[in-house]
Amino acid sequence: MDVLPHSNCENCDQFNTDGLKKLGIDIDDFDFVVALAGNPNTGKSTVFNALTGLRQHTGNWPGKTVTRAEGAFQYNDKKYKLVDLPGTYSLLSTSEDEEIARNFILFGKPNVTVIVVDANRLERNLNLVLQILEITNKAVLCLNLMDEAKRNKIDINVRSLARDLGIPVVPTSARYKEGIPELIQTINDLADGKIICKPHKIKNIPKDIEEAVELLSVRVKKEFPNIPNSRWIAFRLLEGDAQIIEALESGVFL
Amino acid sequence: MDKITIKNIIALAEELRWKIGDDFHDNLAEGIYADAAEIVEDAIISKSNKTARLDNKIDRIVTSRVWGFPIMFFILGIVLWLTIQGANYPSAMLSDFLLGDIRPVLKSLASGVGMPWWLSGFLINGVYLAVAWVIAVMLPPMAIFFPLFTLLEDFGYLPRVAFNLDYLFKKSGAHGKQALTMSMGFGCNAAGVVATRIIDSPRERLIAIITNNFSLCNGRWPTQILLATIFIGAVVPASMSGMVSLAAVFGIAVLGIFFMFFVSWALSKTLLKGEVSTFNLELPPYRPPNFWQTIYTSIIDRTLIVLWRAIVFAAPAGAAIWLISNLNIGDQSIAAWIIQYLDGFGFIIGLNGVILLAYIVAIPANEIVIPTILMLTVLVTGMQAGEGAGVMFELDSVNDTAAILKAGGWTVLTAINVMLFSLLHNPCSTTIYTIYKETKSKKWTLIATILPIIMGLVVTFVVAQIWRIIAN
Amino acid sequence: MLIFVVIVIDYLLFMMMYSYNPVYSLLIFIVSSMIIYLFFRPNKGLTWLLLNSYKVDEKIVIEDILKQLYHNSNNNITTNFLVNALGYKDAVIISGIDKMIDSDLVYFDNDFFKLTEEGFDYAVKIVRVHRLWERYLAEKTGFDKAEWHGIAERKEHETNEDEAMELATQLGNPIFDPHGDPIPTSTGKIAEIDSIPLSGLAIGEVGKIINIDDNPEIIYKQILAENIHIGSQIKILENNSTRVTFYSEGEEFRLAPIVAGNIKVFILKNQEEIQDKSIVRLTALNPGETAIVEGISKESRGDSRRRLLDLGFVRGAKVSIDLVNPFGEPTGYYIKGTTIALRDDQALKILIKKD
């Protein structure tokens, strides 16, 4: 197996190689929480291992990580706790995996959410990405498996993708540790507030539904001015999500 | 915050929901994909029309009508053969080391510090022996089986097996992926139960969990092979005995698969028919596995976790085995009393009290059933073998083992019924605990535990009666 | 109690030990398993029958009578009719009716029973609970279609108003049950549907199936076996006294008029609403062909439907066959860059338009 050249980022001034420490499962106190989300089969666990130095099992299967796996890394004096969420196709259904992922992003309020996607199956993966972007506005897209994409002669305009999604996009080949330093740098910048995202909001919705969502989300926004995801809550209310209704009633969002 | 405003919001949501009708979810899902398509349109510069679909070529072969099944059986056969054969040598080494080298040291240490016989017996012959035994017999096969299986999994072959076999499983109300959890069960049922996480449909997952025990696990293969060699191989001419005993073991494994299908079907039609059932199976691209990492992680994630659980349960069982053999009530040990009590029932189902007691106390691991049976048989017959009351043992010589069992009153019927009962009895305690962890339900754990025992009792009973009717 | 059982078993074992004979013991076993089977057979076992014949709850009788009156408001209902329809004994029906007259739920009109306003409201409530349960069973459980009615029939008597409200909220206050019947709201509002039986359509007319009656069960099961789906468009090809033939989603269906009468159709006159004839089910796709997904049939519900949407089977998605199975199913479909295997009963509910 040929190892692709390591990224240049490790050598550039921007990236402080000495500042990186993989902490494995040593998660005592941390400054930021990072959630790792993504479809099954996107190499999410490989990214997790590359970031934390852990060796969690990576598999070619959906549903490998049912319970949350956690790890940590330190970069420039800041400690990051990394939470690996179950791989799911969507956050709209009722399966146990999806509930865990959905609740963590919504209620766990991670400082940064890393969304791992397979560059070869971008369209399919964007389904989940767009849903996550309705929930959180601090996210980075980890465009993984770039090595395979290169082999398959798929060429992606990263800039245009970042513009359309409104979040930073980092191409990686986690297997060869390629792009990981850039990813860490971006996570760091997001957590520090150096990068501000303007995430894409779902557009192609029939008019009557859009109106209903708007009406509802304005009301939610008025009641909870500090939440970034009034539209998502409106979606869930229209779906009749009992958990969200309960959360509203108990005031979890305050 | 104002409770009334929140109530109003929820009421508004309900009103709007009524207005926009049932199609909200569909519209949202379609909308998201439409957005995704637009973004991709923008972002993808070039796209090869026909990507190198090497995957597709491999798929055409491994799912083909002609080659699909032979490839599958060949691979499973190789994995099982490597596991059973390959584990012999390291198992013997471990056993020599833990039992042959370490145990005497412990013993002399104990007598050195003046430990009373009962305490050193309890600790060394009871607790330590059971733990060492479980490590010696469980670790090598699992350390071979799991990495092999995980390599196949990471390569992407296993979803194709699920694809090939789904039709059979669908007929019995189960999911094609159960083929994999079942195969995993051939290695270890506890690991098979954990592996059912890949089945994301609640009903089919429960079916896979409850029926996993019908896969003959690593702990039971040696029992089957031993008994088939001693009793079944012996009824035919020596030239054929190898083949016949192999066929008998194979027959038991196939019978297990048959029970798995049957129970799956029955569960899906009765107890589980109300559970939600969905189906989807993604056939992911083939990816070369990260060889060393896979080996490392499968040993860490699967082998050691299961082994640890087994050890935790083996220690108290070892203590129990030693205690019942050494504590006396009146003029007999507790074990002898229980055996006497169970003998009648044991006889009716073609077994005996020793076997039943062994299955009760050896619940932590099927691996220690035969050593326990041998020890208890020696205990009640008063033979000269082994190392004394409560000390499990096994003999290198098949003939000596046969002699002990025959002295214990074993016949061909006993052997056949033990083989059947070894297939059809409660899962080991490690598996039971794992089932509870996975289902978080006492009800399903209880059903998964009781169901195979009932089946085992019924099957051995019927076989015993028919055997005796024909034999007379 | 437990000790008693142990003693009995012990005694039996003792007896068997001393007078053991494999033939007898096998016989005892067979007989006792047969007894256990007779007693505990689900839904038909003796225990079940005994419990049910003694437990003729007055509330259930009254509610069943109310439903009969509600559903047959055009007929003239007599005691005989009720006895035949409900299968209770005469005396039970009569005492039920007496109670209902006392509490002003029904009245006599020329020897026929009629619902009072109060009775009508009560009946609507029962119907609401029944249909909510059917919807619940369809969306949130894995029970087979053919079982929904029976379960709802039991549950409707056990559910109080608060529980009904909760059920409705949980389901998002649905308007229709899975058979296409309207669910009355808590205030008794019922959505109007304008439908005629399939057997009443003329040749060449196009309609959309909006309701499949689950009663009587024999006919319902026949319809289920044909894979006819609610929400499908149909076009009548032949309609006479012996059979009704229609085209739908790429297939031709042939039914006896009595069966077709249990399928209710909304006639489509508006040309725009009429589907392209080239819309077929995904099962009709052949290897080598490509198609565009048109949508998922209303027959796919709950989690299964959501899962299909998540996997990319949405309107406009390109689909082709990637892998055929040695057993014929499931089939691997190539969709949005990945191969997804679906079983035929799922593929039947996905509509496509071939390229």
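## Interface size

About 6000 Å² is buried between chain A and chain B, and carbon and sulfur atoms give 61% of that area. Buried area here is the accessible area (1.4 Å probe) that two parts lose on being put together, summed over both. The model is predicted: local features need pLDDT of at least 70, side-chain atom pairs count only at pLDDT 80 or more, and totals for chains, interfaces and linings use all residues. Residues are numbered from 1 along each chain as its sequence is written, and side-chain values use heavy atoms, without hydrogens and water.

In contact (heavy atoms within 4.5 Å) are 66 residues of chain A and 60 residues of chain B.

The interface of chain A and chain B has 2 salt bridges. The term means a side-chain nitrogen of Lys or Arg within 4 Å of a carboxyl oxygen of Asp or Glu. One salt bridge joins the side chains of Asp118(A) and Arg287(B), at 3.6 Å from N to O.

## Chain A side

Which elements of chain A give two or more residues to the side that touches chain B? They are α3 (122–135), β7 (155–156), α5 (158–165), α7 (207–223), α8 (230–239) and α9 (242–250). Helices (H or I, at least four residues) and strands (E, at least two) are DSSP runs, numbered from the N terminus. α7(A) gives the most, with 8 residues.

Cys217(B) is in none; the nearest cysteine sulfur, that of Cys428(B), is 6.4 Å away. Cys217(B) is buried (under 20% relative accessible area; exposed is over 50%, partly exposed in between; 1.4 Å probe, protein chains only), at 9%. Cys142(A) is also buried, at 0% relative accessibility.

Terms used: Chains lettered and ligands numbered in written order. Disulfide = S-S within 2.5 Å.
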